[in-house]
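I opened my notebook to record what I looked up in this structure, one entry at a time.

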Amino acid sequence: VTRIDPMVSSFKELADLLGTTETGVRLLASLFFSPVLAIFYRHFLLSRGANPFLHHWYFTLTGLSICYFCYGWHTGYIVASIVLVYLILRICQLLNCPHVAPSATFLFSMGFLLGGYLVYSTDEYDINWTTVQCTLTLKLISVAFDWSDGKKDESNRNDHQKKVVFTHLPSFTEMLGFSFYFGGLQGGPVFQFRRYKEFTEQRLFPHPIPSSYRPAAVQFLRAVAYLAQTAVLDRICPDEYMYSNDYTFLVQVANNALWMRKVLFRYVAIWLLADVSCVLSGMGYNGKSEDSEKHKWDGMCAVKLDIIEAGCYSRSIVDGFNITTNQWVMNYVYKRVRFLNSRFLSAACALFFLSIWHGFHPGYFLSLLGTELPGLIAEREIGTVAKPYLPQWEDLGLLMKTLSYSAALVWKCFYVSYGLIPFVLLDTRHTILGWAKVYFIPHIIFLGWFILKPVIKPVVKKVLGNGRTHTERMKVE
């Protein structure tokens, strides 16, 4: 085990000792320091009912400091994007054309982000100013959409829009505070301006604000635990083992399952650390439980650990992982292209946006469009065909429940790890090598289903149900 000299003061030297990048160490340090900023804010601004103007400048100055600490003078790009989006919105307001703001902001913000990728991306996973800009892009786009939706008649708004719209453009100080709030700065979570405004105006929570030290401490301990697991698993199954080993098939599958947990835990730990700051500052307040008077603090949490850990379907990763980003894509991309009149095309548009939003590496497209899209469609269609002829879960005995759950869990680990290979390895060559280690089994299953679907459906009906659904058989019995 490498011993870290206590005299080491340089982040560069520390990064070399840990086998990572200096920027990565700085990012992690900023996440560990952010709860301190949240506690200071809670005691000296929030609890004392300070003017919202002071809140905005506190978040602006602390967020700018974090960005400069991590990315140096490249922080100027982040500031420039905020200023330019604000100018776009003001021009749309002056010209009385709020309906133009969403498309103009979307095109500019995505163009700015992609331009940053073109200039600063490398062949590896990059941690630089675009890490902040990635999340900021979604937040800025949502401001334009929510303001524009606020100008519509209320009858033309869906349930989500009714919760997030506003009619008056934010001031420049509000825009800066919203953009640089430290709880959602480094990779998320994503949140809307209306929530931020209610928070800084102290309308988000009851008065006096309930204590949140205990839930914050729980999240912090969880984050540390997941970071520790990530460090251990990285030693056991580094990324290179996904394509450069001579494992047998079963050993490779087991390695992939552990590697999948390492990859997911890395992101989970980051979002849990971010949630600590959100909970401590008060931004994470989410009302009271329906069945009790207990206060909830999960309003900004980007992960649901119970779904990720115990969910037995590949869909559970979508439902429990990076929740705020997935919800953003659902509300601002998927539901906005319903005019295509096709769930498949809407899903394809959403996943294409997610792919290009991450960057130009082919691995992102192979993972989201080439693996997740056909997998989710095939899983839903197979379930729709087979479900009527299978017993209900409550009708199964303990043994069958255990076997069914275990089989589903194995498939989830196998399929999700398969889909993560291109997302992490990034390039096509290593992706093909990694997929070949498990014989492209998920793609063969998906392709076989799509081709043989007309033949398989009647066979399933005959074999599983003898021509009758489970309900019909139960009535006969």
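Which residues does glutamine 186 touch, not counting residues up to four places away in sequence? The model I am reading is a predicted one, and in it I found that glutamine 186 touches Leu27, Ser30, Leu31, Ile66, Cys70, Tyr71, Val132 and Ile270.

I then looked up where glutamine 186 sits, and found it in the loop between H8 and helix H9 (193-200). Its relative accessible area is 4%, and because buried means under 20%, I noted glutamine 186 as buried.

Next I turned to the side chain of glutamine 186, which makes a polar contact of 2.7 Å with the side chain of tyrosine 71 and is joined to the side chain of serine 30 by a polar contact of 3.3 Å. I also noted that glutamine 186 and threonine 135 are 51 residues apart along the chain, while their C-alpha atoms are separated by 7.7 Å.

My next entry concerns glutamate 174, which I found in helix H8 (residues 172-180). Glutamate 174 is buried, with a relative accessible area of 11%, and, leaving aside neighbours within four places in sequence, it is in contact with His56, Phe193, Tyr196 and Lys197.

Last, I looked at a pair of helices, H4 (residues 75-94) and H6 (residues 129-150), whose axes come within 10 Å and cross at roughly 10°; H4 and H6 are therefore roughly parallel to each other. Among the residues that meet there are Tyr77, Ile82 and Leu89 in H4 and Trp129, Leu136 and Trp147 in H6. Sorting this contact of H4 with H6 by class, I wrote down 13 nonpolar, three polar and no charged residues.

Key: Residues numbered from 1 in each chain as written. Predicted model: local features only at pLDDT ≥ 70, side-chain atom pairs only at ≥ 80, totals over all residues. Heavy atoms only, no water. Axes fitted to C-alpha atoms, helices over the stretch in contact; angles between N-to-C directions. Helix = DSSP H or I, 4+ residues; strand = E, 2+ residues; numbered from the N terminus. Parallel < 35°, antiparallel > 145°, perpendicular 65-115°, else oblique. Contact = heavy atoms within 4.5 Å. Nonpolar A, V, L, I, M, F, W, Y, C, P; charged D, E, K, R; others polar. Buried < 20%, exposed > 50% of the residue type's maximum accessible area, 1.4 Å probe, protein only. Polar contact = N/O pair within 3.5 Å; in protein donor to acceptor, adjacent residues only side chain to side chain.
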